[in-house]
Amino acid sequence: MSGTIYYRRSRFSTSLPVGRRYSPAHYWLLDEGDGHWRVGFTRFATRMLGDIVEFDFSVTPGAPIAVGDEIGSVEGLKAVTTVYAVGAGQFAGEGTALRADVTLAESDPYEGGWLYRLRGRPADDTVDVHGYIAILDATIDKMLAGRHDAAGQDGSRAGSNDQGEGGDV
């Protein structure tokens, strides 16, 4: 099945590709056939990182990887994060287009901005697009509850910045 599902919650909106697997850690996986999977960050993940400025992998093509292995890092303006294996098998290389233009991770996360390829199988906790919508709902609800709790503690109120995909949650 192809196509996208539009998602909007609070001040976050995106179009989620159907026909992919999604992880609770906000990665997507596209089945390329013959046990090959293309892996990238979801738009939600790139938004939490901010502008991505650099990435690196600590494994080489052909290296064995297991679910949860630390295989690299991504540096954004808001955070530095570890890249984890979201499947088991072999690391099959990094996204060459992303190496040439790191901004693709944000501007084209579901196509040209993919992170790496995996030869093997996805983690057991990956879900379809509808399962990922439930993960997004729970994640955003938790963030909003935390913001509400923090505002209540100091008597202030968070500012409003309704900017769709580029603004705060």
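View 1. At 10% relative accessibility, histidine 26 counts as buried, where buried stands for under 20% relative accessible area, exposed for over 50% and partly exposed for the range in between, calculated with a 1.4 Å probe on protein chains only. Histidine 26 sits in the loop between β3 and β4, and its phi is near 70°, a positive value in a residue other than glycine. Strands, like helices, are DSSP runs numbered from the N terminus, with at least two residues (E) for a strand and at least four (H or I) for a helix. The model is predicted, so that local features need pLDDT of at least 70 and side-chain atom pairs count only at pLDDT 80 or more, whereas totals for chains, interfaces and linings use all residues. Residues are numbered from 1 along each chain as its sequence is written, and side-chain values use heavy atoms, with hydrogens and water left out.

**View 2. The open sheet of 6 strands.** The strands follow the order β3-β4-β5-β11-β10-β7, and their pairing is antiparallel; two strands are taken to pair if DSSP finds at least two bridges between them. At the edges of this sheet lie β3 (21-22) and β7 (64-65), each of which pairs on one side only. Strands of a sheet pair through backbone hydrogen bonds, in either a parallel or an antiparallel arrangement.

**View 3. The hairpin of β4 and β5.** Strand β4 (residues 27-33) pairs with strand β5 (residues 36-41) in the antiparallel sense over 6 bridges, and the two form a hairpin with 2 residues between them. In the turn, aspartate 34 has a positive phi of about 50°.

**View 4. Strand β5 and its pairing with β11.** Because 5 of the 6 residues of β5 are buried, this strand is largely enclosed by the rest of the structure. Strand β5 is joined by 4 bridges to strand β11 (residues 116-122), and the two run antiparallel.

**View 5. Serine 10 in the loop between β1 and β2.** The loop that holds serine 10 lies between β1 (4-9) and β2 (12-17). Serine 10 has a phi near 55°, which is positive in a residue other than glycine, and it is partly exposed, with a relative accessible area of 32%.
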